[in-house]
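Here's a quick briefing to read alongside the model. Take a look at the structure first, then work through the notes below.

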Amino acid sequence: MSDIAANAPATGRSNSIWARRLIPDLATRRALIAITAALLVWQVGATSGSWLGTPLPIIGAAPAPDAVLTAWTKLLGDPGYWQSWVSSLLRVTLGFIAATAIGAPFGLALSSWSIFRGLAFPVFELLRPIPPLAWVPASIIFWPTQELSIAFVIFLGGFYTIVLNILGGADALDPRLIQSARSMGASRWTIFRRLILPGVLPSLGVGMETAIGVTWEVVVAAEMISGGSSGASASSGGGLGFFIWNSYVGGAYPNIVVGMISIGFAGYFSSALARWAMGRATPWLKRT
Amino acid sequence: MNAQLRQTVQRGGQTSLRGAIEIVDVVKSYDQGGASVQAVDHCSLSIPAGEICMIVGPSGCGKTTLLNAIAGFHGIDGGAITLDGRTLCGQGRPKAEIGADRIVVFQNGALFPWKTNLDNVAFGPIVQKRLTKAEAYEKARELMAEAGLSGHERAYPGELSSGLQRRVEIVRALMNDPAVLLLDEPYRALDALTKSVMHEALLETYYRTGVTIFFITHDLEEAIFLGHRVVAMTSRPCRPKRIFEIDIPHPRSYDALTSTRFRELAAEISACVDEEAIKSFALGEREG
């Protein structure tokens, strides 16, 4: 024991030993320290009005963490809050599945079929710069139900990301892999199935991970614009975006922050899920 | 020389006479930024079955163009290439059909990263439907064991050193029972020690199979140590400048490197190649 103490650098870190025992993982420890520090700054800044006399700019107008926590605790028992979660989650899932189910084959067709690429890619590139949110009014006109028009806008958000990633992945495939497969007698179908598909899988993974973040951005904005217009209230199917907007309109400022953090969690966990699923699907990457 | 060849080409007691390549008057040019570049010019070379033929020459001289023409990766503008009397390309057929009788092993390797080593090795016979899956895997295990690759069957290529990867790739090539192995600087990226291990392993494989080897390299020691003949190419356009018979008896071991005859040959070939390298350098050829 004295050996360890003698070898340790003399920086007086002995006070952190309890923290090391409590949370052995360095990354987790650092993350917790950072989050705690951020909460502290936020608390002090948000309550600056009472201890400084005048509130600090920007942060002084924000609801304090303790007020947010109180509001959140109250909301946890409110079925309307959970209904917002479910609504947004369903829309994201639907839009994201559609984006993957249509985007992945579309990207593969673009990359492996030059006639199709020549015809479809210019249209794709013309439509791509249009932000998904610019589609909201048109989408409301096109689609019979509000739900479908929101899902369509979400779909667009994920679609471009997935297609572009697949295209990039397919173009980056080493042509020598295909040459050597051909020289071993592989048919076009075998090359597609055994080479191109697994070859673009990692890029599809990156695309899905990015796309799921984009879909959360889009769903919230789409709900803010259109979520309440069908007469939905915060306690019905408006989703988290409408929940935030409604909290703003109703002056329940801590609830705005609750809504924002909820989306943060949702995005974090869905990205992590996509990453985990891709890790399972591409074992050759994990082991190297 | 012929006697020596015949002696080393004993495949289980019977003399194999597969893999004789005739390159007759081959011409090939390609476009580079609008200008036509003559890569190969009236190149003729006769490679008897079961020979290890080493091709050396300055960077970018057109050696790889020749290899690609034999493999069928691109066509030729004139002349002909035959394999065992069968015309691969020439006489109205500009491009050879890609086939499993001529397998290429590339400089950086072309193993499929998403397949285990065993799946890589078994790939050819399975897609050709020449063997059943069970037979292919059995033969793959056998050949891997012979090449000292036991224990790496379930690993992915990315988990092996580049030396072992190259060995897996040569085993994968041999699984197709090719008449010719086309090696394009397969050991270029390896360190000297690994290289010497690879050389001895390649010779061992050769003594076992008697497969014809067309081997492009920049490394003169490698060329002399492995080859029955070393063909020094001119700088672009490419054609044989001089052919050196390597009269060091097979089977060879690394002791050959220290022999007087080896030193003499090295000096002679080096003088011949350097002359072309200087010409090529003056022309500003790119690496490749």
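Predicted model: local features only at pLDDT ≥ 70, side-chain atom pairs only at ≥ 80, totals over all residues.

A residue counts as buried if 20 or more other C-beta atoms lie within 10 Å of its own, as exposed if 12 or fewer do, and as partly exposed in between, with C-beta atoms placed from the backbone. Residues are numbered from 1 along each chain as its sequence is written, and chains are lettered from A and ligands numbered from 1 in the order in which they are written.

**Chain A: the helices**

- Chain A has 14 helices and 0 strands; here helices (H or I, at least four residues) and strands (E, at least two) are DSSP runs, numbered from the N terminus.
- Two residues are in contact if their C-beta atoms, placed from the backbone, lie within 7 Å. Among chain A contacts between residues at least 6 apart in sequence, 64% join residues at least 24 apart.
- A:A252 sits in the loop between α12 (239-250) and α13 (253-281) of chain A, and it counts as partly exposed because it has 17 C-beta neighbours inside 10 Å.
- From A:A252 to A:S87 is 165 residues in sequence and 21 Å in space, C-alpha to C-alpha.

**Where the chains meet**

- The contact draws on 16 residues from chain A and 21 residues from chain B.
- On the side of chain A that touches chain B, α10 (175-183) and α11 (188-227) of chain A each supply at least two residues, and α10(A) gives the most, with 6 residues.
- That side of chain A divides into 6 nonpolar, 6 polar and 4 charged residues. In this count Ala, Val, Leu, Ile, Met, Phe, Trp, Tyr, Cys and Pro are nonpolar, Asp, Glu, Lys and Arg are charged, and the others, Gly among them, are polar.

**Nonpolar cores**

- A nonpolar core is a set of buried Ala, Val, Leu, Ile, Met, Phe, Trp, Tyr and Cys residues joined through C-beta atoms within 7 Å.
- The largest one has 84 residues, and B:M54, B:I70, B:V171, B:L182, B:F214 and B:F215 have the most contacts inside it.
- Helix α5 of chain B (residues 162-175) gives the most to this core, with 7 residues.
- Leaving aside neighbours within four places in sequence, B:V171 is in contact with B:V121, B:L143, B:M144, B:A147 and B:L149.
- A second, separate core has 46 residues, including A:I150, A:V153, A:M224 and A:I244.

**Chain B: two sheets**

- Two strands pair if DSSP finds at least two bridges between them.
- One open sheet has 6 strands in the order β8-β9-β10-β5-β11-β12 (chain B), with mixed pairing. Its edge strands are β8 (102-105) and β12 (240-245) of chain B, each pairing on one side only.
- Inside that sheet, β5 (residues 52-56) and β11 (residues 229-233) of chain B are parallel and share 4 bridges; B:I55 has B:V231 in β11(B) as its bridge partner.
- Another open sheet has 4 strands in the order β4-β3-β6-β7 (chain B), with antiparallel pairing. Its edges are β4 (35-47) and β7 of chain B.
- Strands β6 (residues 78-83) and β7 (residues 86-90) of chain B are joined by 4 bridges, and B:I81 has B:C89 in β7(B) as its bridge partner.

**Backbone spots to look at in chain B**

- In the hairpin of β6(B) and β7(B), with 2 residues between the strands, B:D84 takes a positive phi near 50°. B:D84 counts as partly exposed because it has 16 C-beta neighbours inside 10 Å.
- B:E185 also belongs on this list: its phi is near 45°, a positive value in a residue other than glycine. It lies in the loop between β9 (180-184) and α6 (192-209) of chain B.
- Is B:E185 buried or exposed? B:E185 is buried, with 20 other C-beta atoms within 10 Å.
- The peptide bond from B:H250 to B:P251 is cis, with omega near -10°, and B:P251 is found in the loop between β12 and α8 (260-282) of chain B.
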